[in-house]
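Please read these notes with the model open beside you, and check each point against it as you go. The points begin with the place where the chains meet and then turn to single residues.

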Amino acid sequence: MVALVIALALFFDFTNGFHDTANAMATPIATGAIKPKTAVALAAVLNLVGAFLSTEVAKTVSGGIIKEGSDGIQITPDIIFAGLMGAILWNMITWLKGLPSSSSHALFGGLIGAAIAGIGIHSVNFESLMQKVILPAIFAPVIAGGVAYVCTRLAYALTSRHDPETGSKLTQKRGGFRTGQIFTSSLVALAHGTNDAQKTMGIITLVLIAAGTQQPGSGPQFWVIAACAFAIAIGTYAGGWRIIRTMGSGLTDVKPAQGFAAEASTASAILASSHLGFALSTTQVASGSVIGSGLGRKGTSVRWGTAGRIAVGWLFTLPAAGIVGALTALLVKTGIVGVIIAAVAGTGAVLFMFVQSRKSHVGHHNAVEVEEAGQAVRFRKKKALAASRAHKLNGGDK
Amino acid sequence: MKWLELVQVAGATLLAAVTVVVLYSVGVRFTAIAGDPEQAAPRWMKSLAYVCFGLCGLAVLFGLYLIIPYFSK
């Protein structure tokens, strides 16, 4: 059972990397800053390195959410298995339906749901859950968005050059941000490794604790860290090929300066949160930054419909995955037959997802999750912008 | 209290991102001034730009240094 859960967890880690390469590397590839092959390899290596940087988030997952150990409630590998299945199945459902969803929240939701159904509501440490998962989930994207807004404003203000006498534009060389994007997107990949790989480490550690082979309250062992790091890096590398095929279909209109600001904010937000053990969704933080930086450009407005859809998917995932996790836990409770049914269903789901993703046409809608966030900001046409500027100038003359 | 930690995250994010973006933007501006074909710019302008990029890179490395537990032990 323990081995099965570990294998499943590592596979979950792999799909996570597979899914999220695009978030970090899509913009620099689109603006032509790096060649696709180099970008994908770079992202994989940085995910690997990032996974070794910290273990705070892993400790949150293994020690904070479900009460464990002798004084708490005994959590069993079966429950973790059910939770993981819930997460994988929910991921599969949202992926098929094209709903924006966070695999991290699916993981927590599944685990919590399974624990409630399998052990009882008292097994969940709600205080820690609130403080380390739910609050950061709500605030981190907002923080990242706000910071990205400020940074985009700053980047444009600092690089705008006008002739003091004629007021005409001078050369601004904003293309220079393209080179900078290589570094900021690398940092995003690094941050992704630190936060997301650790969630899997936490799960495996939790299994080992539940099985009695590790002390409750201790951090992940080295082989766990290494295995998770490699799983996410391989996943990233494998997933990268999808982006390369996608690049022809065009991305949101993200200017280098804007992308630079957004990525700098994303990376700082994730790294700062990881340091304090907050487990958050990298996709959502990146989406927050993209929206924020879009608003920081002149003449933009929010498409509330799209933004609302992102927000709904964002709030919905945790309870929904919880329900799936709870159902799986009930199934597993019925005995060995239930375990086998759940295992077959879960493995089948993962395989189906993988096969589908290989053969289906990859459009930008399913390869780049942040894309949707980019579309949530409407850009005014150049002409309208010029007209409004002229209007302002005339008003100023009076 | 965890609200304090959230404020900490917000503050650290703002500080780090603004530092990196400002330094890089100033660097880009200096590059633009140095490379302007219409106005002759002093030669040290170019080196000033590189200093800004360098500082930006150092800021990033310093941030990573603060985060990685290996160094702070």
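1. The interface. In this predicted model, 36 residues of chain B are in contact with 41 residues of chain A, where contact means heavy atoms within 4.5 Å. The size of an interface is often given as the accessible area lost when the parts come together. Chain B and chain A bury about 3200 Å² between them, and 78% of that area is on carbon and sulfur atoms; buried area here is the accessible area (1.4 Å probe) that two parts lose on being put together, summed over both.

2. Which helices of chain B supply at least two residues each to the side that touches chain A? They are helix H1 (2-34) and helix H2 (44-67) of chain B, and the largest share, 24 residues, comes from H1(B). Helices (H or I, at least four residues) and strands (E, at least two) are DSSP runs, numbered from the N terminus.

3. How the model is read. Residues are numbered from 1 along each chain as its sequence is written, and chains are lettered from A and ligands numbered from 1 in the order in which they are written. Because the model is predicted, local features need pLDDT of at least 70 and side-chain atom pairs count only at pLDDT 80 or more, while totals for chains, interfaces and linings use all residues; side-chain values use heavy atoms, with hydrogens and water left out.

4. Chain A as a whole. The secondary structure of chain A comes to 15 helices and two strands. Of the 398 residues in chain A, 58% are buried, a word that means under 20% relative accessible area, with exposed meaning over 50% and partly exposed in between (1.4 Å probe, protein chains only). Among contacts in chain A between residues at least 6 apart in sequence, 85% join residues at least 24 apart.

5. A salt bridge. The structure holds one salt bridge over all chains, defined as a side-chain nitrogen of Lys or Arg within 4 Å of a carboxyl oxygen of Asp or Glu. It joins the side chains of Lys199(A) and Asp196(A), at 2.6 Å from N to O. Both residues lie in helix H7 (residues 176-210) of chain A, three residues apart, about one turn of the helix.

6. Met25(A). This residue is found in helix H1 (residues 2-30) of chain A, and it counts as buried because its relative accessibility is 0%. Not counting residues up to four places away in sequence, Met25(A) touches residues that include Ile34(A), Leu42(A) and Ser185(A). The C-alpha atoms of Met25(A) and Pro36(A), eleven residues apart along the chain, are separated by 8.5 Å.

7. Leu84(A). This residue lies in helix H4 (residues 77-97) of chain A, and at 1% relative accessibility Leu84(A) counts as buried. Leaving aside neighbours within four places in sequence, Leu84(A) is in contact with Val5(A), Leu8(A), Ala9(A), Leu107(A) and Ile203(A). The C-alpha atoms of Leu84(A) and Val324(A) are separated by 9.9 Å, although the two residues are 240 residues apart along the chain.
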